[in-house]
Amino acid sequence: MGFDETIIHCCAPSLCGIKPACLFSMNSQNFKSGTQKLHEWQGDFSKEKKFFVPLKKSENRFLFFVYDKNLLEKVCQKSENFEYLASKGYTPEKGLSSVLAELLHRLAVNTDFPHEVGLFLGYPLEDVIGFERYGASNFKYSGYWKVYGDKEKAIRQMNLYKTCSGMCMKWLASGLSVPLAAKKYMGLAKLAPNSLMEA
């Protein structure tokens, strides 16, 4: 996949405002081919408080953290999530900027992903703790993440993410840019949210 396709495939739900964040890697060649577009897109997306954060992991690999600031703030402000992050050494009482700075530092310097990253990606706290406790065992369902709690709710959410990515990929293939594909999805979500659930 090219740069545009990789961005849509990996983070359309965050760019479309239905997922707090997405995390994926990209090779350096693909990243360099899209740096100008990324700069231009950031101007469009930052107006809606959506941001791209590329982290260089090696000479050949970049890690991308793409997030919706409004959704991420809601995640971090939930009382149980607040307490969990504090127990992991974050300072949620100082606000999202402090939490994000710590997360990005850990992503940049650690070889493995910290367990709590799932919380930022929109996974239920019960599932984040379940994976931390049981690893790849005792789960009820496996999709975008391992589910240890409400299976039906998780599947609905995963299907919404899948539909969003699929629709945006089709629009991209038809000639729309990444920002326009995201705007089209958000427009449809406001006008007919049920149609997106059923697509």
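This is a predicted model: local features need pLDDT of at least 70, side-chain atom pairs count only at pLDDT 80 or more; totals for chains, interfaces and linings use all residues.
Reader: How do you know that the radius of gyration of the protein chain agrees with that of a compact globule?

Author: A compact globule of 199 residues would have a radius of gyration near 16 Å, and the protein chain has 17 Å; the two values therefore agree. Along its principal axes, the C-alpha trace spans about 45 × 40 × 30 Å. The secondary structure of the chain comprises 11 helices and 5 strands.

Reader: Why are β1 and β3 called paired strands?

Author: Two strands pair if there are at least two bridges between them. β1 and β3 (residues 61-68) have 7 bridges, so they meet this rule, and their sense is antiparallel. Within this pair, Asn27 stands opposite Arg61 in β3.

Reader: What makes β2 and β3 a pair as well?

Author: The cut-off is at least two bridges, and 8 bridges join β2 to β3; these strands are therefore paired, and they run antiparallel. Lys50 stands opposite Asp68 in β3. A hairpin through 2 residues joins β2 to β3.

Reader: What is the order of the strands in the open sheet, and which strands are its edges?

Author: The open sheet has 3 strands in the order β1-β3-β2, with antiparallel pairing. Its edge strands are β1 (21-27) and β2 (50-58), as each pairs on one side only. On average, neighbouring strands of this sheet are turned by 20° against each other, direction ignored.

Reader: Which helix packs on the sheet, and which strands does it touch?

Author: Helix α4 (residues 69-77) packs on the sheet and touches β1, β2 and β3. Contact here requires heavy atoms within 4.5 Å. The direction of α4 makes about 80° with that of β3.

Reader: How many cavities of 30 Å³ or more are there, and what is the volume of the largest cavity?

Author: The count comes to 1 cavity of 30 Å³ or more. The largest cavity has a volume of about 30 Å³.

Reader: Which residues line the largest cavity, and how do they divide into nonpolar, polar and charged?

Author: The lining consists of Lys57, Leu63, Arg106, Leu107, Asn110, Thr111, Asp112, Phe113 and Pro114. These residues divide into 4 nonpolar, 2 polar and 3 charged. Leu and Phe count as nonpolar, for example, whereas Lys and Asp count as charged.

Terms used. Residues are numbered from 1 along each chain as its sequence is written. Side-chain values use heavy atoms; hydrogens and water are left out. On a 1 Å grid over the protein atoms alone, a cavity is a set of points where a 1.4 Å probe fits but cannot get out, and a pocket is an open set with protein on both sides within 12 Å along at least five of seven lines; lining residues have an atom within 4 Å of a point. Grid points are joined across faces, edges and corners, and a volume is the space filled by probe spheres set on the points. Helices (H or I, at least four residues) and strands (E, at least two) are DSSP runs, numbered from the N terminus. Axes are lines fitted to C-alpha atoms, for helices over the stretch in contact, and angles run from 0 to 180 degrees between N-to-C directions. The radius of gyration is taken over C-alpha atoms; the globule rule is 2.2 Å times the number of residues to the power 0.38.
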